[in-house]
Amino acid sequence: MADLSPPDSFSKLSSDAGAAFVLESKGQWWHAGFHLTTAIVGPPILTLPFAFRGLGWGVGFVCLTVMAAVTFYSYYLLSKVLELCEKQGRRHIRFRELAADVLGSGWMLYIVVFIQAAVNTGVGVAAILLGGECLELMYSNIYPKGELKLYHFIAMVTMGMIIMSQLPSFHSLRYINFLSLLLSLAYAFFIAFASILAGTSDNVPPRDYSLESTLSARVFSAFTSISIFAAIFGNGILPEIQATLAPPVGGKMVKGLIMCYIVIFITFYSSAASGYWVFGNNSNSNILKNLLPKNESPLAPTWILLLAVLFILLQLLAIGMVYAQVAYEIMERRSADAKQGVFSRRNLIPRLILRTLYMSLCGLFAAMFPFFGDINSVVGAIGFIPLDFILPMVLYNITHKPPVTSITYWVNLFIVAAFSGVGLLGCFASFRNLVLDSKKFKLFSSHVV
């Protein structure tokens, strides 16, 4: 089993191949902004109209805004905890090490490793699945009677991921992630514009914004929607992103967060409002499937939609790489030799084998279990809520010790309590939906929920 224990000092990091190769610290604040934007602003925003189905207009926008405010605050606190530890001579470049150090418990390290592994694998699977679905949408519009199935396109996307996985470090993705930022703005504009065109056309389906008929169904739908919001706003790898900054890191992460949340405001609200306005309760977990229905005429100009699909596909490659970095770092901490060059045969061959195997497994799971909306909600409930809504508040209260009588202390405590409950209920609701949807499909199905 790989040694996951935290290094004792800065000197030990020099012999840590995971730190030296994958998490090298050379970046500026705008590079962190690129990484954060790629980690948060991605094609899962296509699920926002679907999430609104369980909440409706008013509650939907309130929840979306609350999630934005809480996650920004949470990431800000976490960056302050990391900065304080660095000033005290304990620079942490991994979430698991930070949690174990501050909470003083070795078992916390393994809990965070488990949660991060679930998040990163879930996002990797979802990115490949959605990428395959994008290719299938393009193919079915060009060749309506084509014989290729969804799993063929998933295999193609997986091959692209395998090739890109050979980029050695997180920092080496900085220009790719800048392109990812531009792509997210572009396709969000195209999706919103296409939705508005669809909403004003003669072929628009009847709009229905009503909630579920029974109270229990409304509760399950609401908590599933909240879990989707958590997954969309979450990243779970902020310490690893901050690790790519050249020290000292003071104040740099906050600038990166502001850049990221400007992009979030533009993309999230435009996609949610336009998609839900047009399709209401008929919103699919991928709004593109509403705009490009199979065996029917597109509800917006095909060239706009196909261009949006192409941009989404390209960005998915970047997202898959960002979330794979933690897995690569864990593997290469043991498999690589920091004393030899990053491209030496000793390090190149294990990297090629292990990263190829990891992405292949993600692709296999994506092909076997095509439940995009459900994967989003499950990952949000069991992964992002603990990492992004609970742990940062706990770590801040322990390290910065705000007075018990202060507003900060009680706000943090309230967020921990509220989102612990939301996480438990969301986890139950998400798994319930996953079980219900699994009854409708077979392995390697060509239909995505």
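## Close-up views

**Arg94 is a buried residue, with a relative accessible area of 0%.** Here, buried means under 20% relative accessible area, exposed means over 50%, and partly exposed lies in between (1.4 Å probe, protein chains only). This is a predicted model, in which local features need pLDDT of at least 70, side-chain atom pairs count only at pLDDT 80 or more, and totals for chains, interfaces and linings use all residues. Residues are numbered from 1 along each chain as its sequence is written, and side-chain values use heavy atoms, with hydrogens and water left out. Glu329 is buried too, at 1% relative accessibility. Arg94 and Glu329 form a salt bridge, with their closest N and O atoms 2.4 Å apart. A salt bridge is a side-chain nitrogen of Lys or Arg within 4 Å of a carboxyl oxygen of Asp or Glu. Helices are DSSP runs (H or I, at least four residues), strands are runs of E (at least two), and both are numbered from the N terminus. Arg94 and Glu329 also take part in a salt-bridge network with Arg96 and Glu97.

**Arg90 meets Asp101 in another salt bridge, with 2.7 Å between the closest N and O atoms.** Arg90 lies in the loop between H5 and helix H6 (95-103), and Asp101 in helix H6, eleven residues apart. Both are partly exposed: Arg90 at 31% relative accessibility, Asp101 at 30%.

**Lys80 and Glu83 pair up along helix H5.** Their side chains meet in a salt bridge (3.6 Å, N to O). Because Lys80 and Glu83 are three residues apart in helix H5, about one helical turn separates them. Lys80 is partly exposed at 23%, whereas Glu83 is buried at 7%. Eight salt bridges are found in the whole structure.

**Helix H3 (residues 29-40) is mostly covered, with ten of its twelve residues buried.** Among the buried residues are His31, Phe34, His35 and Leu36. The buried residues of H3 pack against several helices, including helix H5 (56-87), helix H9 (174-199) and helix H14 (302-335). These packing contacts are heavy atoms within 4.5 Å.

**Leu64 is one of the residues that touch the most other members of the largest nonpolar core.** H14 gives the core its largest share, 17 residues. Such a core is a set of buried Ala, Val, Leu, Ile, Met, Phe, Trp, Tyr and Cys residues joined through side-chain atoms within 4.5 Å. Leaving aside neighbours within four places in sequence, Leu64 is in contact with Leu48, Phe52, Phe229, Phe233, Phe268, Tyr269 and Ala272.

**Lys401 has a positive phi, near 50°, although it is not glycine.** Lys401 belongs to the loop between helix H16 (372-400) and helix H17 (407-438). Lys401 is exposed, with a relative accessible area of 61%.

**Leu352 is placed in helix H15.** Leu352 is partly exposed, at 45% relative accessibility. Leu352 and Ser165 are 187 residues apart in sequence, yet 8.4 Å apart in space, C-alpha to C-alpha. Leu361 also lies in helix H15 (residues 345-368) and is partly exposed at 42%.
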